[in-house]
Amino acid sequence: MSEKENKTLPAQENADRNEQYSLNDDRRVKVLSPGALVAKRFFRNRLAVTGMIVLIAMFVFSFIGGLVSPYKQDQKFYRTEIQVKDYAGVLHNEEFRYSAAESGKFTSAVQAQTLLAIQRISKSFAEIVRSDGLQFLPAKDGVLNADAQGQALMSIRNERTEFTYLDEVLSVEKISDRLYLVNNDDETLGLFAEDFVIAASEATPVSFEYARLALTAKERGETSFSIDGKTYTIDADGSIKDESGAAAAAFSAYSISAAGSDVVLTPEIKDRLIRAVEANETEFEYENANYVFSHSASTNVWTVARENPGAADNFTYRDTEYSLKRISRDFFCIYTDGELIGIAGKKIVSGSSSNASLPFDFTYNALMADVGGERSFSSEGKSYTIDDDGVVYEENGEEVAYISEYIVRAVMGDVFLSREFKNQIIDAVESGSDEFVYTGPDGVAAEYALEYNAATKAWDVKQETDTTVFDTYAEPTKAHPLGTDRNGMDMLTRLMYGGRVSLIIGFIVVFIETILGVIMGGISGYFGGWVDNLIMRIVDILYCIPSMPIIIIIGAAMDAANLDPSIRMLYLMLILGILGWPGVARLVRGQILSLREQEFMTATEACGISVPRRIFKHLIPNVIPQLIVTMTMGLGSTIILEATLSFLGLGVRFPFASWGNIINDVNNVFVLTHYWNIWIPAGVLLLLTVLAFNIVGDGLRDAFDPKMKR
Amino acid sequence: MRKYIVKRLLLSVVILFFVAFIIYALMRCLPTSYIESMARQKSMQPNSKSYEEWMAQLTAAYNMDKGIVLGFFGWLGNMLQGNFGDSWKWTVPVIEKFNDTVWLSFVMGAISFFFELIIAIPLGIIAATKQYRWPDYVISVIALAGISLPTFFFASLLKLVFSVKLGWFDLYGLVGRNYDQLSSVGQFFDKAHHLFLPIVTLVVVSMGSLMRYTRTNMLEVLNADYIRTARAKGLSERKVIYHHAFRNTLIPIVTIVGGSLPGLFAGALITETLFSIPGIGFTSYQSMVSGDIPFSMFYLVFFAVLTLLGNLLADILYGVVDPRVRVS
């Protein structure tokens, strides 16, 4: 549009002038609306855009992910597990049990006297254990119970060097195939060895430390070791000699323990006992007493009883004389004045049907027949037969009772153990096998394991069954990319729903905060005077209340009140909102104080616009940029606060998921150490979301307020 | 100035009165109280009085039989005479328990505050001087990550890495198992060893905001006219930044640092609870959860006093440090 053209084309001049004043699209200076300007500045900031993308991803993950996920938030998953349940217990009866005749003279006081008399005649003397494998020797009495020993043995068998028992990590140190030490952090708790160390005389008892050093030296092929400043040498034949050459101890495959504190085991008698065991003797005489052996194949223990044939077989109690008649080692009859008043025996006669009580005469005759090896007896005019398993039949072939030295009982009260099952257990116990299969009357075979418990001297019968349990803490698989949590719920789905809860709570709390803050701050800033003073003092007070402790107290109170989890969530949002508005109110008031002095406010006043309209239409919109920034940042901090509360167990409750209460599982140290897939993803999502909110808030602040840019 | 301080102090007293009342009312309104659970426990014992009788006796014994308003004034009267009562949970005078625990928290807070300062301020200044270059982005993201990091998650991560995987630190507690067998020097180092992770947590979680504050203020100062003048005079960039700009940035920083000094006594509730450090934060957490009114009241009012004191200190310091600001 040059001047020359204007002159040469005067006719067009007027039109051109008009055109100069009219704003055509191509002439117009490109001016963006303030909103577009802010958006442009915002999108130029790469960090902020990244934050925005992360936020969008989180929203998609939480809100759409929950819809897409094949599982529901509280859908539980199960798995079947072979569980070994205690099913029955078998006790080998080693105590005398009494049956009294109907005369009633065999009172419990007399029973006690009878036991004393029996013990004079025959008394258990010692127990001999032959080591057929690893035997446990504790460092102190009572350390490592049977359970822990079992675990240690398992570790040895599986060649593991560590196992955990009751939260304590114990290590198994292998010296050789024949010697293992069990240690905790500080000391050796016990050892498993195939040999025992036996003191040569009572003057030199064998301490645990001594045994440990001696065994270690032997297993390592060394010929000497020293303890307490003394050196001991080990012979080729396994005896240990001290410096003077006297025998101090010996290695032996046998361990002998006294049956009672009043039994004295001299080295000579020990020697004699071992010789007897090795020669398979069942009885020998030594210093006016008979020693009788009984061997249990299943536990590999010999029990030695000492019998004194010369002892008196009668006793007097309360001026009545009682006489004892020994039928066998384990069976005695008690008479007074020639009348049979009771029997004491280790075998038990029990009725086949639970409600039948057996008459004394029946019991007596049955046991007498059993001891005598007879197959039939008669009682009260009826005759009975006994079969190989000790079952007593009536003439018509009906089973009435059985005789056994074992007590078999079911662990659970509602389980009935059939006669065949009991027989099978006892067969297994007697043959020393540790498992058997029993086919029940319904034709279903189940496997049972037998385990001898040395502490209770009983066998536990365990049944292996398939049980359905919650699939807790499952490893990540294709079906559950992040595994499952402690309730057997899919972790990924929980994370999605958790994100939903965390974000919704954040938004609602910030919304409440902002509404309250804008109203109070707007009123306060616009009116000033006493209204301002009052509102600001309320703000001061609320500001001064320590919010975290107060929320904790209220959370504990809601715990105590056992609120419904969804109502609880509502209260939580209200409380967080009410405690959070003073910050917003201060911001709004400060802005309005400066804005209301500006000309445009005078103009609104001159136009006669109503007060609420002036506040909410003209003042507040000018505060909105700051508000948006504060709200965005506030979302982040609210989400952290909610997560912290849920982590402490005072916020969102099961069955609702929130990122905080998912991480709450970390309070269980086992989860902290082993199941990172439970808590790390939730933490990372939480961190990313809050970080993204903060970055976006920062970016918005820069975009709204370009002054800060140099 | 004096008039201003006196006015602020009087106002603080009024605020404190209302804060204390609100807290007291809240604590009294809790649906389940320590007294109830104690009465329930006592009435469970054989040959005991009924629950109602115990309840009546214990409420009277704990001075809880009055209404909320009367009870509050009773508490206030006692407190003004220096009598803070006995803690229910800890069964010692509140002041004694407070004295036992607050110093540990103070030491922990002071150490972490010191580290916070020497890390956050230099980084904030570097970020401002290198605005929109990579150091600024890195530092900004670190600062924002510090702010966004939930304390409990960071503490759990630290525990996983340093306590579980590396085994350098214990998971919980202030003292080790063999603390009693150690010499006094050993005991000191044992405690220091156990405080390491909590202090790292505190520093990382709280340094972000100070870093950003420093950066923002430094940026504002760098935009000021006197900086342009200093540059125009031909001063070296070093001198401009560390002589002219930094000193002016110190004004808001000193204010905020002064204002947060009283807060060092408040303890770190979450961190102490996570690491089972028996400081004032953990102790008061346990008291609050079990409904121990005397101790919680004392702690919360103490907390409020610290907040007011911090604000007052910040305002006064602002006037002292910056001679341009004179309070009317």
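**Two chains, their folds and their contact**

Among contacts in chain A between residues at least 6 apart in sequence, 58% link residues at least 24 apart; here two residues are in contact if their C-beta atoms, placed from the backbone, lie within 7 Å. The structure is a predicted model, in which local features need pLDDT of at least 70 and side-chain atom pairs count only at pLDDT 80 or more, while totals for chains, interfaces and linings use all residues. Residues are numbered from 1 along each chain as its sequence is written, and chains are lettered from A and ligands numbered from 1 in the order in which they are written.

Chain A has 710 residues, of which 31% count as buried. A residue is called buried if 20 or more other C-beta atoms lie within 10 Å of its own, exposed if 12 or fewer do, and partly exposed in between, with C-beta atoms placed from the backbone. The secondary structure of chain A comprises 19 helices and 30 strands. Helices (H or I, at least four residues) and strands (E, at least two) are DSSP runs, numbered from the N terminus.

Four of its five residues are buried, so β7(A) is largely enclosed by the rest of the structure. On one side of the pairing list is β6(A), residues 168-176, which joins β7(A) in the antiparallel sense over five bridges; two strands pair if DSSP finds at least two bridges between them. In this pair A:Lys174 stands opposite A:Tyr180, and a hairpin of two residues connects β6(A) to β7(A). Strand β8(A), residues 188-193, is also antiparallel to β7(A), again with five bridges. Here A:Leu179 faces A:Ala193 as its opposite residue, and the hairpin from β7(A) to β8(A) passes through four residues. Strands of a sheet pair through backbone hydrogen bonds, either parallel or antiparallel.

Further along chain A, five strands make an open sheet in the order β27-β1-β30-β29-β28, with antiparallel pairing. Strands β27 (406-410) and β28 (435-439) of chain A stand at the edges with a single partner strand each, so one side of each has no neighbour in the sheet. From one strand to the next, the twist averages 35°; axes are lines fitted to C-alpha atoms, for helices over the stretch in contact, and angles run from 0 to 180 degrees between N-to-C directions.

Chain B is built from 13 helices and zero strands. Of its 328 residues, 38% count as buried. Among contacts in chain B between residues at least 6 apart in sequence, 70% join residues at least 24 apart. Just after α4(B), B:Gly82 adopts a positive phi of about 85°.

Finally, the two chains meet in a contact that takes 35 residues from chain A and 40 residues from chain B. On the side of chain A that touches chain B, α12 (529-544), α13 (547-561), α16 (611-647), α18 (669-674) and α19 (676-704) each supply at least two residues. Helix α13(A) gives the most, with nine residues. This side of chain A divides into 28 nonpolar, five polar and two charged residues, where Ala, Val, Leu, Ile, Met, Phe, Trp, Tyr, Cys and Pro count as nonpolar, Asp, Glu, Lys and Arg as charged, and the others, Gly among them, as polar.
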